[in-house]
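Here is a set of questions and answers on how terms are applied to one model. Look at the structure first, then read on.

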Amino acid sequence: MFKNILTFICASVSVIGAVHAADAVGFSSGSQFKATPIEGQVHVTCEGFNGGGAATFTCRDVVLDPASYDYFVGPRDSRAVRYELRNVREDGSVRTKEDDYNGSQGRSGSAINLWLSTIFQKPLLASGKNRISYAIYGSNGDSFSHGEFTINVARNSSRVCPTTHYNSADVNDCSSQYSVCQRYFQQFNNCR
């Protein structure tokens with residue numbers, strides 16, 4: 001009898017442990033990220049109906065490895081419809097993100113911008129230690145799950161892409177460093 005009870009308790013603990021492991025909270029890529037400086041040079045020759053020209057651009061960026069966009073993952077619960085993340089960065093600044101949550105999959109409805117900064121969007125993470133508190137809400141607006149996790153962003157050694165040359169039929173490409181550098185880094189997979 002005692003042996004059966006002990007077996008039942010051990011099996012129950014194993015199942016509970018598996019449930020909690022499945023409910024790990026954070027990002028699908030993990031909790032360790034690296035900020036990697038990348039750079040390279042692009043020569044552009046522009047000749048077309050709107051004129052001609054040439055330019056050389058030195059492209060630089062800092063990318064987040066393993067991903068600049070990632071899914072927030074949390075508990076699986078069909079009642080969950082919304083999440084909110086509040087990051088207190090190592091420098092003291094605060095950034096928040098909130099959006100739809102897919103409770104049956106246990107993750108955000110779409111990938112979250114962790115790193116890219118544009119006119120229209122700001123990144124959640126910054127270099128250093130990121131203390132992120134989260135809350136998951138049901139359709140009635142009540143929070144039924146909340147907590148905190150930490151994401152570390154360490155500086156990585158830089159990578160250099162090979163020098164390349166583009167020909168363009170649009171003279172505007174010879175004055176558009178941003179779009180040329182985007183194309184360049186995409187072509188060379190961020191210098192990997």
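Q: What makes the residues listed around Phe-27 its contacts?
A: Contact means heavy atoms within 4.5 Å. Leaving out residues up to four places away in sequence, Phe-27 touches Phe-33, Asp-70, Tyr-71, Phe-72, Val-73, Leu-85, Ile-112, Leu-114, Leu-124, Ile-132, Phe-149 and Ile-151.

Q: What kind of model is this, and how are residues numbered?
A: The model is predicted, with local features needing pLDDT of at least 70 and side-chain atom pairs pLDDT 80 or more, while totals for chains, interfaces and linings use all residues. Residues are numbered from 1 along each chain as its sequence is written, and side-chain values use heavy atoms, with hydrogens and water left out.

Q: What makes a set of residues a nonpolar core?
A: The members must be buried Ala, Val, Leu, Ile, Met, Phe, Trp, Tyr or Cys residues, joined through side-chain atoms within 4.5 Å. Buried means under 20% relative accessible area (1.4 Å probe, protein chains only). The largest such core has 20 residues, and Phe-27, Phe-72, Leu-85 and Leu-125 have the most contacts inside it. At least two of its residues come from each of strands S2 (32-48), S6 (80-89), S10 (128-138) and S11 (143-155); strands are DSSP runs of E, at least two residues, numbered from the N terminus. A second, separate core of 17 residues includes Cys-46, Cys-59, Cys-161 and Cys-181.

Q: Why is the pair of Phe-72 and Phe-149 called stacked?
A: Rings of Phe, Tyr and Trp (its six-membered ring) pair if their centres lie within 6.5 Å; planes under 30 degrees apart count as stacked, over 60 as edge-to-face and the rest as tilted. The centres of Phe-72 and Phe-149 are 6.1 Å apart and the planes 20° apart, so the pair is stacked.

Q: What does this pair tie together?
A: Phe-72 lies in strand S5 (residues 72-73) and Phe-149 in strand S11, so the pair joins parts that are 77 residues apart in sequence. Phe-72 and Phe-149 are both buried.

Q: Is the pair of Tyr-184 and Phe-185 stacked or tilted?
A: With 5.4 Å between centres and 45° between planes, the pair falls between the two angle limits and is therefore tilted. Tyr-184 and Phe-185 are both buried.

Q: How many aromatic pairs does a search of the whole structure find?
A: The search finds eight. One aromatic cluster is formed by Phe-27, Phe-72, Tyr-83, Tyr-101, Tyr-134 and Phe-149.

How values were computed. Buried < 20%, exposed > 50% of the residue type's maximum accessible area, 1.4 Å probe, protein only. Helix = DSSP H or I, 4+ residues; strand = E, 2+ residues; numbered from the N terminus.
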